[in-house]
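User: I am new to this structure. Please walk me through how its parts pack together.

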Amino acid sequence: ADRVLTVSEADGAALKSLVPGLEPSVVPNGIDTTEYHRQAVDARPEENSLVFTGTMDFRPNVDAVLWFVDEVLPLIRTEIPDVHFTIVGQRPHARLEPLKGRPDVTLTGWVEDVRPYIASAEVYVVPLRMGGGTRLKLLEAMAMGKAVVATRLGAEGYPVTDGRELVLADTPTDFAEAVVSLLRSPRQRAELGRRGRTFVERHYDWRAIVPLVE
């Protein structure tokens, strides 16, 4: 190929290790920040609500929500008993079948538009523990002004700072504490959401990405 593009420095480094002499160009994933905006949908956050979005037969996503439900959600529930977790995405894997019918978890399956579900949550969680590249779901959530808690792997490839654009946590205890803190602090959620939105507009809107490709 005359030119190889990757969406993150990590992916570029991985390709360079496979193909000596290759110099890939890094052009990050982008998003339409006009389409992904909290004012673009008619929905308001529901109290103590969490959301995750993604294709739900994709192994990293399956692993993420099972880890969150098994290891993190019980810790959150001890502090906030009425917390509710919504998993939005098509083709739920059979491993997720036990989650159906739980009062604290909703598994939607395919939906026409993920934006109302993101808008309806107080906190967006990205509990990924495997996979590569960069996650468009993170850009979607931040563009919509959501407070985000993610593992470091879940935020890999984005130059974010813990506590500025989102909150990073890797252990069940740390993840749960971060979520509980945000659920109890509307001001902190709003501030994270504002900074996250600004971050995406500045670096990942198509107006910033297209010139890099050209």
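**Packing in the predicted model**

User: Which residues is threonine 86 in contact with, leaving aside its neighbours within four places in sequence?

Analyst: This is a predicted model. Neighbours within four places in sequence are left aside here. The contacts of threonine 86 are then Leu50, Val51, Phe52, Thr106, Thr108 and Tyr117.

User: Is threonine 86 buried or exposed?

Analyst: Threonine 86 is found in strand 4, residues 84-88. Its relative accessible area is 15%. Buried means under 20%, so threonine 86 counts as buried.

User: Which residues touch the most other members of the largest nonpolar core?

Analyst: Nonpolar side chains tend to be buried together in soluble globular proteins. The largest nonpolar core here has 34 residues. Those touching the most other members are Leu50, Phe68, Ile76, Phe85, Ile87, Val149 and Phe175.

User: How many residues are in the second, separate core?

Analyst: This second core is separate. Its members include Tyr36, Met144, Ala155 and Leu166. The count is 31 residues.

User: At roughly what angle do the axes of helix 2 and helix 5 cross, and what does that make helix 2 to helix 5?

Analyst: Helix 2 spans residues 59-79 and helix 5 spans residues 172-183. Their axes come within 9 Å and cross at roughly 50°. That angle makes helix 2 oblique to helix 5.

User: How do the residues of the contact of helix 2 with helix 5 divide?

Analyst: On the helix 2 side, the contact includes Trp67, Phe68 and Leu75. On the helix 5 side, it includes Phe175, Ala176 and Val179. The residues divide into eleven nonpolar, one polar and two charged.

User: What is helix 5 to helix 6: roughly parallel or roughly perpendicular?

Analyst: Helix 6 covers residues 186-203. The axes of helix 5 and helix 6 come within 6 Å and cross at roughly 105°. Angles of 65 to 115 degrees count as roughly perpendicular, so helix 5 is to helix 6 roughly perpendicular.

Definitions and conventions
Residues are numbered from 1 along each chain as its sequence is written. This is a predicted model: local features need pLDDT of at least 70, side-chain atom pairs count only at pLDDT 80 or more; totals for chains, interfaces and linings use all residues. Side-chain values use heavy atoms; hydrogens and water are left out. Axes are lines fitted to C-alpha atoms, for helices over the stretch in contact, and angles run from 0 to 180 degrees between N-to-C directions. Helices (H or I, at least four residues) and strands (E, at least two) are DSSP runs, numbered from the N terminus. Angles under 35 degrees count as roughly parallel, over 145 as roughly antiparallel, 65 to 115 as roughly perpendicular and the rest as oblique. Contact means heavy atoms within 4.5 Å. Ala, Val, Leu, Ile, Met, Phe, Trp, Tyr, Cys and Pro count as nonpolar, Asp, Glu, Lys and Arg as charged, and the others, Gly among them, as polar. Buried means under 20% relative accessible area, exposed over 50%, partly exposed in between (1.4 Å probe, protein chains only). A nonpolar core is a set of buried Ala, Val, Leu, Ile, Met, Phe, Trp, Tyr and Cys residues joined through side-chain atoms within 4.5 Å.
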